[in-house]
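Dear colleague,

I am handing over the structure that follows, together with some notes on what was found in it. Please look through the model first and then read on.

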Amino acid sequence: SFEYRLRVALGPGGDLMLTSRIRNTNADGKPFSFTFAYHTYFSISDISEIRVEGLETLDYLDNLQDRARFTEQGDAIVFESELDRIYLGTPSKIAIIDHEKKRTFVVRKGGLPDAVVWNPWDKKAKAMADFGDDEYKRMVCVEAAAIEKAITLKPGEEWTGKLELSAVPSSYYSGQLDPDRVIQDSVVPEDSVS
């Protein structure tokens, strides 16, 4: 048994903040384990023109190769074919840079050590019943997640995961983002959202 609570807040500047809380409510004394991901899909101009920054030099599990472990070699993630990876030990901020739309999506997260980056590309998109054949060109999925190591809660224990999404001018890149804006446990006070 567990309790799940989700708080959704929209900031005055358009930032979207999601706070998830999961509590183990088992009365039998048994622990509860789970993995977690916010499945965030971003609308972009063209998948072959965007860059995902902030995950350079990190290890990842490649879902296209039975979760074999590799190390990211590029200075940013770019897309030339299907990509489905779980990046491990990720920083608290990731940038999705879309030069054509002149904007950068900023993903800030807390309590979520991993990040999934996914795009199905053409062949898989055509095979998916709920996905248009060409929709892969205008979307990218970058998920704040806890996948590699399951979260285990003893009875009465609670876990909190936070995600903040914002859009900033495209001249920003991950290294320029204000470190004071990185998501903190106190970003959304409990009584600030009704």
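Among contacts in the protein (heavy atoms within 4.5 Å) between residues at least 6 apart in sequence, 69% join residues at least 24 apart. Please bear in mind that this is a predicted model, in which local features need pLDDT of at least 70 and side-chain atom pairs count only at pLDDT 80 or more, while totals for chains, interfaces and linings use all residues. Residues are numbered from 1 along each chain as its sequence is written, and side-chain values use heavy atoms, with hydrogens and water left out.

The secondary structure comes to 1 helix and 13 strands, where helices (H or I, at least four residues) and strands (E, at least two) are DSSP runs numbered from the N terminus. In order from that terminus, the elements run β-β-β-β-β-β-β-β-β-β-β-α-β-β.

Of the 194 residues in the protein, 46% are buried, a term that means under 20% relative accessible area, with exposed meaning over 50% and partly exposed in between (1.4 Å probe, protein chains only). As for Leu55, if its neighbours within four places in sequence are left aside, its contacts include Glu72, Ile77, Tyr87 and Val117.

Strand β2 (residues 16–24) is largely enclosed by the rest of the structure, because 7 of its 9 residues are buried. These two strands, β1 and β2, pair in the antiparallel sense over 9 bridges, pairing being assigned if DSSP finds at least two bridges between two strands. Within this pairing, Leu6 has Ser20 in β2 as its bridge partner, and in the hairpin of β1 and β2, with 5 residues between the strands, Gly14 takes a positive phi near 95°. Strand β2 is also joined to strand β13 (residues 158–169) by 8 bridges, and the two run antiparallel; there, the bridge partner of Arg23 is Glu158 in β13.

With best wishes
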